[in-house]
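Dear colleague,

I am passing on a structure that may be new to you, and below it I have set out what was found. Please read the notes with the model open beside them.

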Amino acid sequence: MSSELYRRARRAEAAAERAADRRRLRLEFFRAALAEGMDSLKSMHAGGASGQDSVRTYARLMDDVLAALTRLAAHEAARDGLPATPLVLAALGGYGRGELHPSSDVDLMVIYDSELTPYVQRVTQEILYTLWDLGLQLGHSLRSLADCVAMARTDFPSRTSMLEARLIAGDGRLFARFRRLLRENVYRRDFEDFLAQTLAERDQRYRKHGASPYLMEPNVKESAGGLRDMHTAMWLGSAKFGARTLRELCDKDLITRREQAQADAALTFLWRVRNELHFFTGHKNDVLSRELQPRIAKNLGYENDATSLGVERFMRDYYQHARVIHRVARRLIARCQETLSRRRATRWMTRACW
């Protein structure tokens, strides 16, 4: 689809003689493409699409837009005589996982090898300026491979977001080097410290947003049993065991098939709830307030009947799924802690033998 979007964009701006006209036509084209995609996403959601289908559909749409923009920017830079040098446009965080909600930030990073060349600067500038003009909320960075390793070692948010990095456009070999350097020089080297930092971040989040899955007004993302609980466990599972999905964790016998199925169902339920919160409020809002709960429940198909209110059944389902996420995440974290305990015991026995 990205190739088709690129060809359509080239045709849309082909008649422009001046750079300013070409840019205006480009913005009009991509603004229309995003609006059409968002309308389709709303229709999907209203028609009962699963949370998983919705977040992945929106991520694919953004992938196509970004890949096309990167090709356009690279074409213009080459046309203006700038020698091409390797770069990567990578998705980070939730977007890196292939999960994008209607009002979520689009987190991006441009990676280059060692020298920041005029070509990399030009392509990066063109991509970012176009995205800003399109009104997207961006998280963005421009880093060399060495910068990536240094940031991952010293900055916890950067470490976790880069752990979930995904290639959107650019040099595949450079991206493979990026992944290998972080794996060998950061994630495998100081996992014990990473585990301690991750659990400290979780405890701080619980103090702010609530440590129980049964809150009256839960934050779908940040409260205990929310999406961030699973993200936290998956960061550790990826760093320690190289498993980036629930399926891979199950294949490595770190969770059971039943736990995988329950966690998949719980995640897609919370994704659908979060999508509805974003669509209904028109902005990024992850709190299921008492005021919003009846309307969100109704919009998701929970009607009142002779025995119960729709909002009661909705919140009952929410708590059931939040409990699953909380339990599976704790189990995964415990497995990571067990590996450290066994390693300490092995070191102690080795020293005792000497």
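Contact here means heavy atoms within 4.5 Å. With that cut-off, and leaving aside neighbours within four places in sequence, Val 186 is in contact with Val 149, Ala 152, Arg 153, Arg 159 and Leu 181. Please bear in mind throughout that this is a predicted model.

Val 186 is found in helix H8, and it counts as buried because its relative accessibility is 0%, where buried means under 20%. Although Val 186 and Ala 239 are 53 residues apart in sequence, their C-alpha atoms are 9.1 Å apart in space.

Two packed helices are described by the angle between their axes and the distance between the axes. For helix H6 (residues 145-154) and helix H8 (residues 172-187), the axes come within 10 Å and cross at roughly 35°, and the crossing is right-handed. On the H6 side the contact is made by Leu 145, Cys 148, Val 149, Ala 152 and Arg 153, while H8 contributes Leu 174, Arg 177, Phe 178, Leu 181, Leu 182, Asn 185 and Val 186.

His 231 is buried, with a relative accessible area of 7%, and its side chain is joined to that of Arg 97 by a polar contact of 2.9 Å. When neighbours within four places in sequence are left aside, His 231 is in contact with Arg 97 and Glu 99. As for the helix as a whole, 13 of the 15 residues of H10 are buried, so H10 is largely enclosed by the rest of the structure. At 1.5 Å a residue, the 15 residues of H10 should span 21 Å, and this agrees with the 21 Å between its end C-alpha atoms. H10 is followed by Gly 242, whose phi is positive, near 70°.

Cys 336, which lies in helix H14 (residues 310-353), touches Phe 191, Leu 236, Gly 237, Lys 240 and Phe 241, not counting residues up to four places away in sequence. Cys 336 counts as buried because its relative accessibility is 1%. From Cys 336 to Ala 74 there are 262 residues in sequence and 43 Å in space, C-alpha to C-alpha.

The buried residues of H5 include Tyr 119, Val 123, Ile 127 and Leu 131. The buried residues of this helix pack against helix H2 (19-46), helix H3 (51-79), strand S1 (87-91), strand S2 (106-112) and strand S3 (138-144). H5 is followed by Gly 135, whose phi is positive, near 85°.

One last residue deserves a look for its backbone. Most residues other than glycine have a negative phi. Asp 253, although it is not a glycine, has a positive phi of about 65°. Asp 253 is found in the loop between helix H11 (246-251) and helix H12 (257-281), and it counts as exposed because its relative accessibility is 59%.

With kind regards

How values were computed:
Residues numbered from 1 in each chain as written. Predicted model: local features only at pLDDT ≥ 70, side-chain atom pairs only at ≥ 80, totals over all residues. Heavy atoms only, no water. Axes fitted to C-alpha atoms, helices over the stretch in contact; angles between N-to-C directions. Helix = DSSP H or I, 4+ residues; strand = E, 2+ residues; numbered from the N terminus. Left-handed = near helix turned anticlockwise from the far one by under 90°. Buried < 20%, exposed > 50% of the residue type's maximum accessible area, 1.4 Å probe, protein only. Polar contact = N/O pair within 3.5 Å; in protein donor to acceptor, adjacent residues only side chain to side chain. Expected span 1.5 Å × (residues − 1).
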